[in-house]
Structures are given as structure tokens and as C-alpha cells.
Amino acid sequence: KQKFAEKAAALFQENRAMLKEHGDKIIDQVAIRQLYGGMRGMKSMIWETSELDAYEGIRFRGYSIRELRKLLPKAPNCKEPLPEGLFWLMLVGEIPSQEEVNWLTEEWKKRGELPARTTAMLDAMPADTHPMTQLSMGILSLQNDSVFAKRYEEGMPKNEYWDAYYEDSMNLIAKLPRLAAYIYRRTFHNNEHIAADPSLDWGANFAHMLGISEHADFKSLMRLYLTIHADHEGGNASAHSTHLVGSTLSDPYYSLSGGMNALAGPLHGLANQEVIKWILEMVEELGTDTPTNEQITEYINQTLEAGKVIPGYGHAVLRQPDPRYIAQRHFAEEYIKDDAIVSIVWKLFTIVPPILQDLGKVKNPWPNVDAHSGALLMHYGLKEFSFYTVLFGVSRAMGVLAAGVWSRALGMPLERPKSMTSKAIKEFLKKS
Ligand code: AMX
């Protein structure tokens with residue numbers, strides 16, 4: 001917190017000076033196409049924690065996923081990074097030492113307990129409530145304890161917003177694995193829960209509380225999964241929703257719940273459940289888990305002819321295979337290369353892109369993060385795919401909340417872009 005405070009105070013001053021001198025410089029132009037096209041490519045917000053390049057993929061504070069798998073501190077006997085280290089990097093802007101990451105692990109353990117009202121609320125919900133609905137409501141149920149909301153009511157001055165936002169974010173991230181594991185166990189395992197193991201780090205403890213596999217490799221997978229899904233710059237729907245809600249000075253609970261509602265859409269985070277559902281339906285329809293390339297091609301064409309998208313393929317920004325896909329592929333190559341569903345995922349990598357390319361309209365025919373994740377989870381026994389987006393959400397919380405602390409520290413104002421009517425566009429065209 002101290003390190004963050006120093007860096008944030010310095011950047012706040014730098015930005016003020018920079019805005020005074022250069023605030024009127026034009027950084028982008030907006031085409032009518034972008035107003036109708038989901039604002040693709042429009043530079044319109046500040047996001048400090050990560051930046052996405054269409055060809056290189058995501059970089060967190062300048063580091064690629066490949067670099068971070070080497071550089072971030074690790075748990076004993078694990079090759080994958082501790083997600084706690086990525087949170088530190090996003091917040092503080094420096095690769096943490098092992099000691100610093102251990103501190104964060106311990107801090108989240110202290111803050112991890114769920115209040116009884118949250119579990120009581122979840123227990124009162126029908127068991128067939130989608131896990132993402134449960135996650136979003138579970139997060140909101142924690143809002144009673146918001147430090148930000150309480151201090152705001154008490155008259156907190158602006159220069160302390162970040163401090164309260166930090167405390168809430170730390171508490172919320174610490175609780176998310178327990179909340180998510182509770183949702184999983186109540187929905188799919190007779191409401192039988194597994195107590196947290198205080199000897200484990202954040203990601204491994206989550207794996208343990210899910211209770212699917214005590215295999216060390218599954219814990220490694222969780223650490224990797226929770227690291228690579230954390231942030232994808234600010235414009236993606238879950239990040240942008242969290243940012244927008246937070247800009248009204250709603251606290252982190254309201255903001256993250258809003259972000260999770262955006263993540264729950266099939267064009268965004270829900271794609272990870274859609275991918276595995278689509279593959280399992282193919283296996284069932286064909287009656288084999290070793291389909292030929294011809295059979296897969298036929299199945300893809302059927303999906304497209306039915307007017308549906310191929311889940312896990314395409315991206316609003318990326319124009320290359322997603323490095324998050326590649327990281328998961330490397331994991332699979334090392335640990336589970338003989339898995340039948342993994343083999344299908346790899347076959348799709350060669351078959352889907354040329355088909356999408358031939359459609360002539362798809363800007364990125366390559367796989368995104370969601371094309372691979374389900375196959376890995378299935379292998380270790382996490383087969384209930386309606387839960388997959390919750391895993392994505394637990395990870396995404398780290399990025400969007402770290403960014404939220406920065407937004408409050410930098411004094412970001414209420415977000416309020418200008419909208420236009422189609423009539424106004426026509427009038428503009430008449431004049432131009
Ligand atoms: N299968 C079929 N058609 C696709 C396609 C796919 N995977 N990806 C894009 N297209 C289509 C679009 O639907 C659009 O068709 P239209 O003009 O008839 O409406 C056309 O190609 C142009 O789209 P685009 O500019 O290439 O993509 P976009 O920026 O509008 O959308 C995305 C990006 C991700 C929503 C889209 O590629 C898609 O629907 N992919 C499948 C769902 C998916 O995997 N989502 C997860 C993304 C990653 C994440 O957020 N977790």
C-alpha cells in the first residue's frame with residue numbers, strides 16, 4: 001500500500017502537469033463506423049495495469065505472458081506463477097519479490113472469510129440459478145461491509161478514495177475463491193463444502209476448495225488460469241463495465257458485480273462454457289471423441305449455416321492466436337497431451353481459421369483464450385461447464401480492481417461519453 005501510494009502520488013502530479021501542457025492535443029479521430037461498430041479502436045480511456053497489442057497480445061505492465069511465466073514468483077515445486085504476483089505487478093508496477101508475494105498471500109488469507117449472510121443468500125437461491133448470477137449476487141451481498149461506502153458517507157476527502165477502494169478490493173479478491181467454491185459445491189456437490197486450507201496460496205486453496213482433484217497439476221493449472229485471465233486492457237466489456245460503474249463512485253462491490261454481468265455474455269466470458277458445450281455436442285453427434293478432419297469441418301459448417309458463431313474464435317482487438325491460448329496449450333502439451341478433448345481443441349486450431357477466413361468478414365480467424373480453457377478443466381474433472389465463467393471472473397477481479405484503485409488515485413472523473421441519434425448523423429452528413 002505504501003509503495004502504491006508513492007507511485008500513485010507521483011503519477012497524479014505528472015498527469016496534471018502533462019494535461020496542463022498537452023491536454024488539447026488530438027490523439028485520435030472518430031469515424032461514423034466506430035459509433036455504429038461498438039467503438040472498436042477508439043482511444044477513450046486510461047488503464048494503467050495492462051495494454052493489448054493486436055499482434056503481440058496482452059502485456060501486463062510491459063511484460064508478456066511468456067515472460068511472466070518465467071519472472072513471477074512461484075509456489076514450491078510449481079512451474080506456473082502465483083497469481084498474487086500478477087496482482088502486485090498490476091497495482092505497484094514492479095515484479096514482486098518472493099517475500100512480497102508471500103505477504104500478499106498471507107494478507108488475503110486473513111481477509112478471506114465469507115459472512116454468514118452471503119452463504120444464507122446463496123442457499124436460498126434455486127440450485128439451477130446460473131453460477132454467474134450467483135457470483136454477481138454473492139459479490140453484491142458483500143457490499144454491506146464496503147469500506148469505501150462507509151467512509152464516503154462519513155465525508156472521506158477525495159485524496160483518500162484510493163485507500164478505501166484498495167481496502168475493499170483486497171477484501172473482495174481475498175473472498176472470491178471461497179465465494180466461487182461455495183457456489184460450485186452447492187450447485188453441483190449436494191451443498192457439501194470443503195474448508196479452506198491455511199497452508200495454501202490463493203490459487204491452490206481455490207483448487208482445494210473446489211474439491212475436484214487434489215492433484216498438484218490441477219493446482220498449477222489454477223495458478224496459471226487465474227494469472228492469464230486477470231486483465232486485457234480497459235476496453236473489454238467486463239473491464240469497461242467495472243470502470244464505468246466505479247466512475248460514479250460506486251464501491252468495488254457494485255463495480256465488480258456490474259463487470260461480472262458483462263462477463264456473463266456469450267460473446268465475452270461465457271464463451272468458455274460455449275466452447276466446451278459445442279465440442280461435447282460434436283462428440284455426441286458424431287459418436288466418437290476422435291473425429292476426422294472432414295467430420296469436424298462438416299460440424300463447423302453446420303454451426304455457421306445455422307447462423308451461429310464458432311465459440312472461442314475471433315476477437316475484437318487481437319489479430320493473431322491469443323497468447324493466453326498458447327500458454328494453455330503449452331500447459332496441455334506438458335501435462336495432458338494424450339487427452340481426447342485436448343486433441344480436438346488442437347485439431348480445431350488448424351481447421352477453423354481457414355474456414356472463418358473464407359467467410360470474408362471475420363477480422364480475426366484465430367482462437368482466443370476461451371478456445372482452450374475448458375479442455376484443461378474437463379481433464380481434471382471439472383466438468384460442469386456452466387461454472388467455467390466464474391473461474392474467469394475470479395481472475396478478472398484482480399485486473400479490474402487493481403485498475404479501479406488506480407482510477408481513484410488518479411482522480412478519474414465520472415465517465416460520460418457523448419451519444420448521437422441516427423437523425424443527428426444524417427444531419428451531420430448533409431452539412432459535411
Ligand atoms: N464465428 C463466426 N463468425 C464470426 C466469428 C466467429 N468466431 N467471429 C466474428 N464473426 C463474424 C461476426 O459475427 C461479424 O458478423 P456480422 O457482420 O454478420 O455481424 C463479422 O464476423 C465481423 O466480426 P469481427 O469484426 O471479426 O468481430 P467483432 O469484433 O465484432 O467480435 C467477437 C468479436 C469475439 C465477439 C467475435 O469474434 C465472436 O463472436 N467470437 C465468438 C465468441 C467468442 O469466442 N467470444 C470470446 C471472446 C474473448 C473473450 O472476451 N473472452
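The exercises below, each with a worked solution, concern a predicted model.

**Exercise 1. Determine how helix α17 is oriented relative to helix α18, and which residues form their contact.**

Step 1. Helix α17 covers residues 340-359 and helix α18 covers residues 370-379. Their axes are 9 Å apart and meet at an angle of about 170°.

Step 2. Angles over 145 degrees count as roughly antiparallel. Helix α17 is therefore roughly antiparallel to α18.

Step 3. On the α17 side, the contact is made by Ile341, Val342 and Val345. Helix α18 contributes Ala371, His372, Ala375, Met378 and His379.

Step 4. Sorted by class, this contact has six nonpolar residues, two polar residues and no charged residues.

**Exercise 2. Carry out the analysis for helices α9 and α13.**

Step 1. Helix α9 spans residues 161-188, and helix α13 spans residues 252-263. The packing angle is about 55°, with the axes 9 Å apart.

Step 2. This angle makes α9 oblique to α13.

Step 3. Tyr165, Asp168, Ser169 and Leu172 of α9 meet Pro252, Tyr253 and Leu256 of α13.

Step 4. The class division is five nonpolar, one polar and one charged.

**Exercise 3. Describe the pairing of strands β1 and β2.**

Step 1. Strand β1 consists of residues 50-53 and strand β2 of residues 57-60.

Step 2. Four bridges join the two strands in the antiparallel sense. Glutamate 51 faces arginine 59, a residue of β2.

Step 3. With three residues between them, β1 and β2 form a hairpin.

**Exercise 4. Characterise the surroundings of the ligand.**

Step 1. The ligand is surrounded by 20 residues.

Step 2. The closest are Ala271, Val309, Gly314, Ala316 and Lys363.

Step 3. By class, the shell divides into 10 nonpolar, seven polar and three charged residues.

Definitions and conventions
Residues numbered from 1 in each chain as written. Predicted model: local features only at pLDDT ≥ 70, side-chain atom pairs only at ≥ 80, totals over all residues. Axes fitted to C-alpha atoms, helices over the stretch in contact; angles between N-to-C directions. Parallel < 35°, antiparallel > 145°, perpendicular 65-115°, else oblique. Contact = placed C-beta atoms within 7 Å. Nonpolar A, V, L, I, M, F, W, Y, C, P; charged D, E, K, R; others polar. Near = placed C-beta within 6 Å. Pairing = 2+ DSSP bridges.
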